[in-house]
Amino acid sequence: MFLFILGSTYLNLIHTEYCAPKTCYEVLNVNRSADKKAIKKAFYKLAASAHPDINRDPNSVELFFPISKAYEATVYVTSFLGELLSDDYLFILMNQRAEYDMYLEFYENKLKRDYFKQKIRDIFDIKNVLLMLLLLISGLQWYLTNYRHTQALEQHICTPRYRNNVQLLFDQAHRLQLKQYLKDHPAKRPDQLPSIPLTDDIVKEYVESCPEFYLKYPKASWKTTLLAQIFIFPLNLLIECLTYSNHMIKFYILRMPLSRRDQVYFTRRILKITKEAFEAMSTEDQEYYISLELWIDENATSYFESLKIQERKRMANSGKAKAYMRFMKNGGYGRMTFDD
């Protein structure tokens, strides 16, 4: 590791201090494949015009310095590292031209890698990547929601309970249609009356209209995707905060009488149900919960206490609950028997 760092530092000095911004071969006007004789010839040709002893230009020393360093880097066999460290560890670094060629290859490859990295960064910009990821997640979310809804619908239309309910409703509607048809066509006999078969499409329409189905298995919508929620959620949160503060000010501070909308809002919040679930209730159930006036603390406390009492009574009359209580009374899961 020490040799690698030391060698890399030395090669970096060769490029940056000796010949930068050109390579040493470009300074000498020779190819990288030129032999030692051609390099010497090029150096002597440049030295004949740029050497300070010949060229009287005040800047001749600065002009000749990169030429001499380029010549040292490409011709000299031994490097100053050979004088400092053992020859056993520097058999690769002993040839200074090999070192410089190795560095040039590494430097050019590094520039190529940096170029392609920059191109990849330009193509795969972080904004584009995040947008594509959001689109992918949203599309997958929409597909899975639609698949779940379709599979649940196919399963529910085969359930006898739904088909029987649909059959009863269908028969009632069909009888009303037959009565109307007989009034409009009194000459028709009963055996000539049209019959409408019960199809799966009719059952699907009934199942999709049931609150217990569409609340649990909603249809796929773009509003529920992650990409849409990023923009919709802050707006909904702001609306909810403003609505809640408005109701609180009207009821608790101004002591104003609650409107129908206010009563529905407080009832939903106390019961912890969504707007869709409350609207799916029957009119009688909605009126019952509103008549309890749960927005008053005493009424809400008494209502939830009555629910706990009803639950305890139900558990007391349940066979499974009694068996579980006997099991726990006899030691529960931690008891030891001879069978164990």
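Is E287 buried, partly exposed or exposed? With a relative accessible area of 38%, E287 is partly exposed, where buried means under 20% relative accessible area, exposed over 50% and partly exposed in between, computed with a 1.4 Å probe on protein chains only. The model is a predicted one, in which local features need pLDDT of at least 70 and side-chain atom pairs count only at pLDDT 80 or more, while totals for chains, interfaces and linings use all residues. Residues are numbered from 1 along each chain as its sequence is written, and side-chain values use heavy atoms, with hydrogens and water left out.

The side chain of E287 meets that of R260 in a salt bridge, at 3.0 Å from N to O; the term stands for a side-chain nitrogen of Lys or Arg within 4 Å of a carboxyl oxygen of Asp or Glu. Because E287 lies in helix α14 (residues 283–291) and R260 in helix α12 (residues 260–271), the pair ties together parts that are 27 residues apart in sequence. Helices here are DSSP runs of H or I with at least four residues, strands are runs of E with at least two, and both are numbered from the N terminus. R260 counts as partly exposed, at 40% relative accessibility.

In K204 and E154, the closest N and O atoms of the salt bridge are 3.3 Å apart. This pair links distant parts of the chain, with K204 in helix α9 (residues 200–209) and E154 in helix α7 (residues 126–156), 50 residues apart. K204 is partly exposed at 24% relative accessibility, and E154 is partly exposed as well, with a relative accessible area of 38%.

E208 forms a salt bridge with K219, and here the closest N and O atoms are 4.0 Å apart. E208 belongs to helix α9, whereas K219 sits in the loop between α10 (211–214) and α11 (226–253), 11 residues apart from its partner. At 25% relative accessibility E208 counts as partly exposed, while K219, at 54%, counts as exposed.

N29, in the loop between α2 (24–28) and α3 (36–50), has a positive phi of about 60 degrees although it is not a glycine, and at 63% relative accessibility N29 counts as exposed. E293, found in the loop between α14 and α15 (297–317), is another residue other than glycine with a positive phi, near 55 degrees, and E293 is partly exposed, with a relative accessible area of 35%.
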